[in-house]
Amino acid sequence: MKREYAEYAAAQAAALLAVDSPSGYTSQAAHWVQAAFAGLGYEVRLTKKGGVLIDLGGEDRQDALLLEAHTDTLGAMVAEIKSNGRLRLTNLGGLRPENTEAENLRVCTREGKVYEGTFQLVNASVHVNGGYGDAKRSFDTMEVVLDEDVSSLEDTRALGIQVGDIVCFEPRTRITSSGYIKSRFLDDKLSVGILLGLSKYMKDTGRTPKRKVYAHITVYEEVGHGGAASVPEGVSEAISVDMGCVGDGLQCTERQVSICAKDSGGPYSYDVVGKLIDAAKKEGADYAVDVYPHYGSDVEATLDAGLDLRHGLIGPGVYASHGYERSHLDGVWNTLKVLKGYLDL
């Protein structure tokens with residue numbers, strides 16, 4: 001597989017990263033994904049839950065493979081409009097308040113209006129707040145400062161902002177000349193891009209998998225139940241294509257594909273992990289096998305829902321997960337190679 005498909009995957013991911021989609025607010029991103037796969041010539045449908053199910057071809061429907069990635073991201077919701085017109089937030093997924101300090105954001109109202117603001121520590125001026133460095137960062141000690149002339153609860157409500165409105169943080173996506181991909185929410189829009197890259201490769205080369213292959217782009221992974229439904233009949237294996245962990249005690253780097261042997265939910269299928277390793281070797285992919293200490297995936301939600309299937313997890317190495325994340329085109333390329341080998345294309 002040529003590197004151009006990794007570049008295509010990264011470009012598609014960057015375009016998708018520009019579409020806000022915290023868990024529960026994903027319809028625009030789902031329609032973007034639907035259009036992207038349909039534009040490559042695939043049969044695509046939206047699920048009742050709001051995800052996207054794609055038929056990637058193949059013949060053997062009794063031994064079908066499901067590839068799962070997700071387009072929902074971390075984000076927040078307005079939990080309170082304070083008396084000074086500022087907003088207290090509650091997180092959607094594993095968003096960390098200390099990691100989003102001073103980040104730009106958008107508040108999306110149910111009337112379709114969008115207001116900009118910044119997430120700041122209460123009393124954020126260092127020249128005023130002598131305890132700035134010692135203050136605990138939490139959703140109770142931080143607030144949204146709106147870029148509007150508001151100073152009271154009534155002022156903010158007059159804008160149409162209400163409790164329950166969605167808050168989207170700026171992704172700040174960049175692809176450097178050295179091939180590094182930096183952004184919030186690479187988890188897991190980078191892998192959606194990878195599945196688009198795989199799909200384009202199959203269309204360009206006319207290659208079709210022997211077994212039936214589906215892709216499910218889920219929309220509730222960050223809150224734990226994304227892959228719990230919409231598994232087509234005949235699926236015997238499911239592989240989550242998500243971010244690979246990079247950090248102390250692990251082998252993977254951002255330039256590799258990570259094959260997960262175990263995470264917080266327990267071990268992945270020994271047979272599937274073995275076949276993923278074999279695929280990496282066959283395709284000459286630079287890979288690492290790791291155990292993730294704090295992690296859960298779509299495919300575990302699929303198993304928790306009672307599906308009888310084998311499961312696995314791979315993804316490009318991503319550093320600073322759930323923060324300002326970083327990966328590399330090489331990691332994307334190596335992930336594509338493993339998928340190509342696993343599908344025997």
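1. **Basis.** This is a predicted model, where local features need pLDDT of at least 70, side-chain atom pairs count only at pLDDT 80 or more, and totals for chains, interfaces and linings use all residues. Residues are numbered from 1 along each chain as its sequence is written, and side-chain values use heavy atoms, with hydrogens and water left out.

2. **Overall form.** The protein chain has 7 helices and 19 strands. Helices (H or I, at least four residues) and strands (E, at least two) are DSSP runs, numbered from the N terminus. Along the principal axes, the C-alpha atoms fill a box of roughly 65 × 40 × 40 Å.

3. **Burial.** Of the 345 residues, 57% count as buried. Buried means under 20% relative accessible area, exposed over 50%, and partly exposed in between (1.4 Å probe, protein chains only). The areas come from the Shrake-Rupley method.

4. **Glu143 and its partners.** The structure holds 24 salt bridges; each is a side-chain nitrogen of Lys or Arg within 4 Å of a carboxyl oxygen of Asp or Glu. One of them joins Glu143 to Lys82 at 2.7 Å, N to O. This pair links distant parts of the chain, 61 residues apart: Glu143 is in strand S8 (residues 142–146), and Lys82 is in the loop between strand S4 (75–81) and strand S5 (87–92). Glu143 also meets Arg86 in a salt bridge, at 2.9 Å, N to O. Here the separation is 57 residues, with Arg86 in the loop between S4 and S5. Glu143 is buried, at 2% relative accessible area. Lys82 is buried too, at 18%. Arg86 is partly exposed, at 33%.

5. **Arg106 and Glu170.** These two form a salt bridge, with the closest N and O atoms 2.9 Å apart. Again the pair links distant parts of the chain: Arg106 is in strand S6 (residues 103–108), Glu170 is in the loop between strand S9 (166–169) and strand S10 (174–175), and 64 residues separate them. Glu170 is partly exposed, with a relative accessible area of 26%.

6. **A network.** Salt bridges that share partners join Asp63, Arg211, Glu237, Lys275 and Arg310 into one network.

7. **Negative patch.** Glu116, Asp147, Glu148, Asp149, Glu154 and Asp155 gather in a surface patch of negative charge. Patch members have over 30% relative accessible area and no salt bridge, and like charges are joined within 9 Å. Asp and Glu count as negative, and the place of a charge is CG of Asp or CD of Glu. Asp155 is in helix H3 (residues 153–158). Asp155 is partly exposed, at 31% relative accessible area.

8. **Two C-alpha pairs.** Thr109 is in the loop between S6 and strand S7 (114–121). Thr109 is buried, at 7% relative accessible area. Thr109 and Val167 are 58 residues apart in sequence, yet 9.0 Å apart in space, C-alpha to C-alpha. Gln120 lies in strand S7 and is partly exposed, at 23%.

Definitions and conventions. Patches are made of residues with over 30% relative accessible area and no salt bridge: like charges are joined within 9 Å, nonpolar side chains (Val, Leu, Ile, Met, Phe, Trp, Tyr) within 5 Å. Accessible areas come from the Shrake-Rupley method with a 1.4 Å probe; for residues, only the protein chains shown count as cover.
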